[in-house]
Amino acid sequence: MDIARHLALVDELCFRPFPAEHGPSDGGTAAPGYFTAVLESSRGPGGRDPGERAATVEQYEKGRDALYERLAPRWGETDPYNLHTVLLRTEREEIPEPWAGLSADARVAYVWEAAGTGRWVAVAVADRDETDEVRLLAVVTQEPPP
(Lines give C-alpha, C1' and ligand atoms only; values in the text may rest on other atoms or scores of the structure.)
Protein backbone atom coordinates (compact mmCIF):
# COMPACT_ATOMS: atom_id res chain seq x y z
CA MET A 1 0.00 0.00 0.00
CA ASP A 2 1.51 3.28 -1.13
CA ILE A 3 0.12 5.91 1.26
CA ALA A 4 2.19 8.71 -0.31
CA ARG A 5 0.73 7.92 -3.76
CA HIS A 6 -2.80 7.81 -2.32
CA LEU A 7 -2.32 11.19 -0.62
CA ALA A 8 -0.97 12.71 -3.83
CA LEU A 9 -4.08 11.54 -5.69
CA VAL A 10 -6.39 12.96 -3.01
CA ASP A 11 -4.53 16.28 -3.22
CA GLU A 12 -4.83 16.32 -7.00
CA LEU A 13 -8.56 15.52 -6.91
CA CYS A 14 -9.14 18.41 -4.52
CA PHE A 15 -8.17 20.81 -7.31
CA ARG A 16 -8.98 18.96 -10.55
CA PRO A 17 -12.05 20.28 -12.35
CA PHE A 18 -15.08 18.01 -12.15
CA PRO A 19 -16.17 16.50 -15.46
CA ALA A 20 -19.35 17.50 -17.27
CA GLU A 21 -20.48 13.87 -17.56
CA HIS A 22 -20.22 10.57 -15.68
CA GLY A 23 -17.27 8.38 -16.70
CA PRO A 24 -14.04 6.64 -15.67
CA SER A 25 -11.22 8.49 -13.89
CA ASP A 26 -7.95 7.29 -12.29
CA GLY A 27 -9.12 3.75 -11.64
CA GLY A 28 -12.46 4.98 -10.38
CA THR A 29 -15.33 7.11 -11.57
CA ALA A 30 -16.00 10.79 -12.06
CA ALA A 31 -19.23 12.70 -12.42
CA PRO A 32 -20.39 16.29 -12.21
CA GLY A 33 -19.51 17.28 -8.65
CA TYR A 34 -17.44 14.30 -7.51
CA PHE A 35 -14.63 11.78 -8.01
CA THR A 36 -14.50 8.28 -6.55
CA ALA A 37 -10.97 6.85 -6.71
CA VAL A 38 -10.21 3.18 -6.05
CA LEU A 39 -6.93 3.33 -4.14
CA GLU A 40 -6.63 -0.43 -3.61
CA SER A 41 -8.72 -3.33 -4.85
CA SER A 42 -8.79 -7.05 -4.10
CA ARG A 43 -9.67 -7.66 -7.77
CA GLY A 44 -12.18 -10.29 -6.83
CA PRO A 45 -14.43 -10.88 -3.85
CA GLY A 46 -11.51 -10.47 -1.46
CA GLY A 47 -10.86 -14.16 -1.26
CA ARG A 48 -12.94 -17.25 -1.69
CA ASP A 49 -13.18 -18.07 1.99
CA PRO A 50 -14.47 -15.73 4.70
CA GLY A 51 -11.13 -15.71 6.53
CA GLU A 52 -9.26 -14.48 3.47
CA ARG A 53 -11.88 -11.77 2.84
CA ALA A 54 -11.71 -10.69 6.49
CA ALA A 55 -7.92 -10.40 6.23
CA THR A 56 -8.29 -8.23 3.12
CA VAL A 57 -10.85 -6.00 4.85
CA GLU A 58 -8.54 -5.66 7.86
CA GLN A 59 -5.60 -4.73 5.62
CA TYR A 60 -7.64 -2.04 3.84
CA GLU A 61 -8.98 -0.71 7.13
CA LYS A 62 -5.36 -0.26 8.24
CA GLY A 63 -4.74 1.63 4.99
CA ARG A 64 -7.80 3.82 5.61
CA ASP A 65 -6.59 4.49 9.14
CA ALA A 66 -3.09 5.35 7.85
CA LEU A 67 -4.66 7.89 5.50
CA TYR A 68 -6.62 9.29 8.44
CA GLU A 69 -3.38 9.70 10.41
CA ARG A 70 -1.90 11.75 7.57
CA LEU A 71 -5.01 13.81 6.74
CA ALA A 72 -6.19 14.60 10.29
CA PRO A 73 -3.28 16.99 11.01
CA ARG A 74 -4.23 18.95 7.86
CA TRP A 75 -7.99 19.12 8.19
CA GLY A 76 -8.69 18.16 11.79
CA GLU A 77 -9.50 15.06 13.76
CA THR A 78 -12.89 13.56 13.03
CA ASP A 79 -14.96 10.68 14.28
CA PRO A 80 -15.86 7.91 11.84
CA TYR A 81 -18.95 8.87 9.81
CA ASN A 82 -21.66 6.19 10.04
CA LEU A 83 -22.67 5.39 6.46
CA HIS A 84 -25.22 2.80 7.63
CA THR A 85 -27.40 5.67 8.84
CA VAL A 86 -27.08 7.31 5.42
CA LEU A 87 -28.02 4.02 3.74
CA LEU A 88 -31.16 3.77 5.89
CA ARG A 89 -32.07 7.35 4.98
CA THR A 90 -31.92 6.50 1.25
CA GLU A 91 -35.07 4.41 1.75
CA ARG A 92 -37.16 7.46 2.66
CA GLU A 93 -35.37 10.50 1.24
CA GLU A 94 -33.23 11.57 -1.69
CA ILE A 95 -29.57 11.37 -0.69
CA PRO A 96 -27.25 13.01 -3.24
CA GLU A 97 -24.33 11.26 -4.89
CA PRO A 98 -21.68 10.37 -4.08
CA TRP A 99 -23.03 9.80 -0.55
CA ALA A 100 -25.85 7.43 -1.54
CA GLY A 101 -23.48 5.22 -3.53
CA LEU A 102 -20.78 5.32 -0.87
CA SER A 103 -23.28 4.28 1.80
CA ALA A 104 -24.30 1.30 -0.35
CA ASP A 105 -20.66 0.18 -0.56
CA ALA A 106 -19.07 1.06 2.78
CA ARG A 107 -20.03 1.02 6.46
CA VAL A 108 -17.98 3.96 7.80
CA ALA A 109 -15.81 6.71 6.38
CA TYR A 110 -13.54 9.43 7.63
CA VAL A 111 -14.79 12.73 6.23
CA TRP A 112 -13.24 16.20 6.13
CA GLU A 113 -13.91 19.53 4.53
CA ALA A 114 -10.66 20.11 2.64
CA ALA A 115 -9.68 23.62 3.76
CA GLY A 116 -9.44 26.16 0.99
CA THR A 117 -10.83 23.90 -1.75
CA GLY A 118 -14.61 24.00 -1.32
CA ARG A 119 -14.56 20.22 -1.40
CA TRP A 120 -15.19 17.32 0.95
CA VAL A 121 -12.95 14.27 1.19
CA ALA A 122 -13.96 10.82 2.43
CA VAL A 123 -11.88 7.66 2.78
CA ALA A 124 -13.64 4.34 3.28
CA VAL A 125 -13.41 0.59 2.81
CA ALA A 126 -16.05 -0.76 0.44
CA ASP A 127 -16.83 -4.20 1.84
CA ARG A 128 -20.60 -4.20 2.32
CA ASP A 129 -21.33 -6.56 -0.62
CA GLU A 130 -19.86 -9.97 0.21
CA THR A 131 -19.97 -11.01 -3.47
CA ASP A 132 -17.99 -7.97 -4.66
CA GLU A 133 -14.33 -7.10 -4.38
CA VAL A 134 -13.04 -5.21 -1.35
CA ARG A 135 -11.87 -1.67 -2.20
CA LEU A 136 -10.16 1.19 -0.43
CA LEU A 137 -11.87 4.34 -1.70
CA ALA A 138 -11.25 8.06 -1.68
CA VAL A 139 -14.16 10.31 -2.57
CA VAL A 140 -13.73 14.00 -3.34
CA THR A 141 -16.91 16.00 -3.80
CA GLN A 142 -18.41 19.45 -3.65
CA GLU A 143 -21.50 17.98 -1.93
CA PRO A 144 -21.37 18.15 1.89
CA PRO A 145 -22.22 14.94 3.72
CA PRO A 146 -25.92 14.49 4.43
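A pocket is an open set of grid points with protein on both sides within 12 Å along at least five of seven lines, and its lining residues have an atom within 4 Å of a point. In this predicted model, the largest pocket holds about 160 Å³ of space. Its lining is made up of His22, Thr29, Tyr34, Thr36, Glu97, Pro98, Gly101, Leu102, Asp105, Arg135, Leu137 and Val139. Strand S3 (34–41), helix H4 (99–105) and strand S7 (135–141) each give two or more residues to this lining.

Two of the lining residues, Glu97 and Pro98, are joined by a cis peptide bond, with omega near 10°. Proline 98 is placed in the loop between helix H3 (83–89) and H4.

Charged pairs were examined next. Side chains of opposite charge can pair when their charged atoms come close. The structure holds 11 salt bridges. One of them joins aspartate 11 to arginine 74, with 2.4 Å between the closest N and O atoms. This pair links distant parts of the chain: aspartate 11 belongs to helix H1 (residues 3–13) and arginine 74 to helix H2 (residues 50–75), 63 residues apart. Aspartate 11 has a relative accessibility of 30% and so counts as partly exposed. Arginine 74 is also partly exposed, at 39%.

Aspartate 2 and arginine 5 form another salt bridge, at 3.9 Å from N to O. The cut-off for such a pair is 4 Å. Aspartate 2 is partly exposed, with a relative accessible area of 36%. Arginine 5 is partly exposed at 47%. A further salt bridge brings together the side chains of glutamate 93 and arginine 89, at 3.0 Å from N to O. Glutamate 93 has a relative accessible area of 34%, which means that it is partly exposed. Shared partners join Asp2, Arg5 and Glu40 into one salt-bridge network.

Arginines also meet aromatic rings. Besides its salt bridge with aspartate 11, arginine 74 lies over the face of tryptophan 75, at 5.5 Å from the ring centre. Arginine 119 places its charged end over the ring of phenylalanine 18, 3.8 Å from the centre of that ring. Among the aromatic residues themselves, the count is six pairs. Ring pairs connect Tyr68, Trp75, Tyr110 and Trp112 in a cluster.

Arginine 64 presents a buried case. This residue is found in helix H2. Its relative accessible area is 9%, so arginine 64 is buried; the limit for that class is 20%. Beyond its neighbours within four places in sequence, arginine 64 is in contact with Val108, Tyr110, Val123, Ala124, Val125 and Leu136.

Valine 111 is placed in strand S5 (residues 106–114). Valine 111 is buried, at 10% relative accessible area. Residues up to four places away in sequence aside, valine 111 touches Thr78, Tyr81, Trp99, Trp120, Val121, Ala122 and Pro145. Valine 111 and glutamate 77 lie 34 residues apart in sequence, with 9.5 Å between their C-alpha atoms.

Key:
Residues numbered from 1 in each chain as written. Predicted model: local features only at pLDDT ≥ 70, side-chain atom pairs only at ≥ 80, totals over all residues. Heavy atoms only, no water. Phe/Tyr/Trp six-rings, centres within 6.5 Å; stacked < 30°, edge-to-face > 60°. Lys NZ or Arg CZ within 6 Å of the ring centre and 35° of its normal. Buried < 20%, exposed > 50% of the residue type's maximum accessible area, 1.4 Å probe, protein only. Helix = DSSP H or I, 4+ residues; strand = E, 2+ residues; numbered from the N terminus. Contact = heavy atoms within 4.5 Å. 1 Å grid on protein atoms, 1.4 Å probe; cavity = no way out; pocket = protein on both sides within 12 Å on 5 of 7 lines; lining within 4 Å. Points joined across faces, edges and corners; volume = space filled by probe spheres on them.
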